[in-house]
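User: I'm new to reading protein models and want to know how the labels get decided. Can you walk me through one?

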Amino acid sequence: MAHIDAGKTTTSERILYYTGKTHKIGEVHDGAATMDWMVQEQERGITITSAATTTFWRYGGGVYQVNLIDTPGHVDFTVEVERSLRVLDGTIATFCAVGRVQPQSETVWRQADQFKVPKIAFVNKMDRVGADFFACIAEIKEKLGATAVPICIPIGAEDKFEGIVDLLDMKAMVFDKDNLEIVNYSIKDIPADLVEDAKKWRSYLVETVAEHDDALMEKFFDDPEKITKEEIIAALRKATISMELVPACCGSAFKDKGVQFLLDAVVRYLPSPLDKGNVEGHDPDSGEQIERKPDASDHFCGLVFKIATDPFVGRLAYLRAYSGKLSAGSYVFNTRSGKKERVARLYQMNSNKQNAIDFVEAGDICAAVGFKDLRTGDTICEEEHPIILEKMVFPEPVIGLAVEPKTQQDLEKLDVALGKLAEEDPTFTVKADHDTGQTIISGMGELHLDIIIDRLKREFGVEINQGAPQVNYKEALRSTVQHREVFKKQTGGRGKFADIIFEMGPADEGVTGLQFVDEVKGGHIPKEFIPATQKGFEAAMANGVLAGYEVTSMKIVLKDGSYHPVDSDALSFEICARQAFRKAAPKATPVIMEPMMSLEVVTPEECMGDVIGDLNKRRGQITNMDSRSNARIIKAIVPLSEQFGYVTVLRTLSSGRATSTMTFSHYAELPASLAKEVIEKSGNKNLSEDDE
């Protein structure tokens, strides 16, 4: 995991080569990388989907299976990183030795912390001008709040980068740049000019590790020299797995330097499924907590973390097995749908190539075929022993686009294609705009939607017309109002009747969706009609009263009401709640919320004034300014609506020398003058003159 262009895919390619999985190194810039298999990835030189593979590494007389997932760095595809981290036991956080800790590095680091995934830091691109290993280690501490402990130090830097000094063996690994053998280095004595540095960092390593291990601490005070290599490895492994320390190594993946040492570090310090211990879940019926052991003899349970469509084998469900054993041809139980499904075939994946296997066991990652109704985040298990594992939560899309097929023949193909793409990617949504008859597709950014449209043309052969990008606004309520709504309908025979008195206003802090409080006393509204009332308010939130955008959160306190013994039913109360929302919401000070983005711009000093001036025009708020080498770093919060086409403008302002990174930050209230424009564009006819 890493920021864009830190060298994740290049490092993955070298891992595949040095473990013997591939016999030829594929380069990203040639469009030949094994893990970047999509046409769009090869053309653009970026990773779009996370690709999984399984390989083996010899270490200390044993052979270890390594399941590797290469994730994208671009923020538009952050869901790929998140769902991969959810099922992995450890991660290699890759940093560029020149860029160091960049914005997306911080994002993926936080995601790894959220899922409690231990990390190793790999400082890549040590051969580039401006590379500084120790400055990167300092930034990891300063910006990420993590204690990174170097387990090696570089020999030289930039074009003089030759290899690394192993601080455990106190030996130098010098790499032969013309040698592409599996072992492309020689072990030598530490160069004389680095001996003092090596001793200093070795003692820092021993001291830091000893601080996290009581037995080593005693030994350290007696005589630090007596602490053995094996003791350091064991204590550092323990501290890494408990997320107290981060072992840090360096290299240049592109120049084939330091990858073998990194693989040794993965086996030494990152956890195996056994180290992670039992997986926790809960019983779908009773809700009580249950655990499963990472053992093939326990009951099977696994988590589906990705759905992909393959042109030859159909729908592939990527899953991580947490316990037990799953055989091809057997049946599993889906706890979400409550249905049994047959696993037709199981595959071990190598990027987009499938290798058929007979079974998977606890700890394995594989792809399965044959499921009819399976979604990302579903738990599959044995029917007699059901369990639900922790669900995945995905970010909301922030940008939309209207699309329509060019010909009538493409209409059906478009529906099928969009359905498949939405199934693959939980941050991509499709909805119909009933007023205009258009299909609105929404995603995480301009690049995300660009790739989707490209895939529609190439993979599904659908030609489309597209509108201008639209911002996904939301609506919110700012004040609390009390309201009574009576719904009566008499059509001959049995009629409809519902009467509710409620308080409507903003939800409590930190609550999303509908916060529903039932305070009805004395049976004025029968208990069976309360859920229908709640359902009515929930449904009404999908279309706000200002411009028809979704209301993100709201609190309803149901105070009182009445019912009719014959005419009242659940549907009456549901309709009553919907109507009540439309009448009460305009009085609760509704506002439009817009997505705000965290923007980081790295620019030469002389262009800084122009960049800041442009950001001010875009309603940007500068939050921080910093300097790195001879460049200035500007951090700002900017509305997404002002950022369309920003990359092109920035290139013009800086003659192509500045770069920017944008990530979603939060929703904030849209200023009244701009809100009026948004409401007018939506053509909302719901508001009276008083409401406006």
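Predicted model: local features only at pLDDT ≥ 70, side-chain atom pairs only at ≥ 80, totals over all residues.

User: What makes strand 30 and strand 32 edge strands?

Analyst: The open sheet has four strands, ordered 30-31-33-32, with mixed pairing. Strand 30 (481-489) and strand 32 (513-518) each have a single partner strand, so one side of each has no neighbour in the sheet. From one strand to the next, the twist averages 30 degrees.

User: Which helices go with this sheet?

Analyst: Helix 13 (residues 530-540) packs on the sheet and touches strand 31 (496-505), strand 32 and strand 33. Its direction makes about 150 degrees with that of strand 32. Helix 14 (residues 570-584) lies across strand 30, strand 31 and strand 33, at about 40 degrees to strand 31.

User: Why is glutamate 509 called exposed?

Analyst: The cut-off for exposed is over 50% relative accessible area. Glutamate 509 comes out at 84%, so it counts as exposed.

User: Where is glutamate 509, and how far is it from serine 553?

Analyst: You'll find glutamate 509 in the loop between strand 31 and strand 32. Glutamate 509 and serine 553 are 44 residues apart in sequence, and their C-alpha atoms are 9.8 Å apart in space.

How values were computed: Residues numbered from 1 in each chain as written. Heavy atoms only, no water. Pairing = 2+ DSSP bridges. Helix = DSSP H or I, 4+ residues; strand = E, 2+ residues; numbered from the N terminus. Axes fitted to C-alpha atoms, helices over the stretch in contact; angles between N-to-C directions. Contact = heavy atoms within 4.5 Å. Buried < 20%, exposed > 50% of the residue type's maximum accessible area, 1.4 Å probe, protein only.
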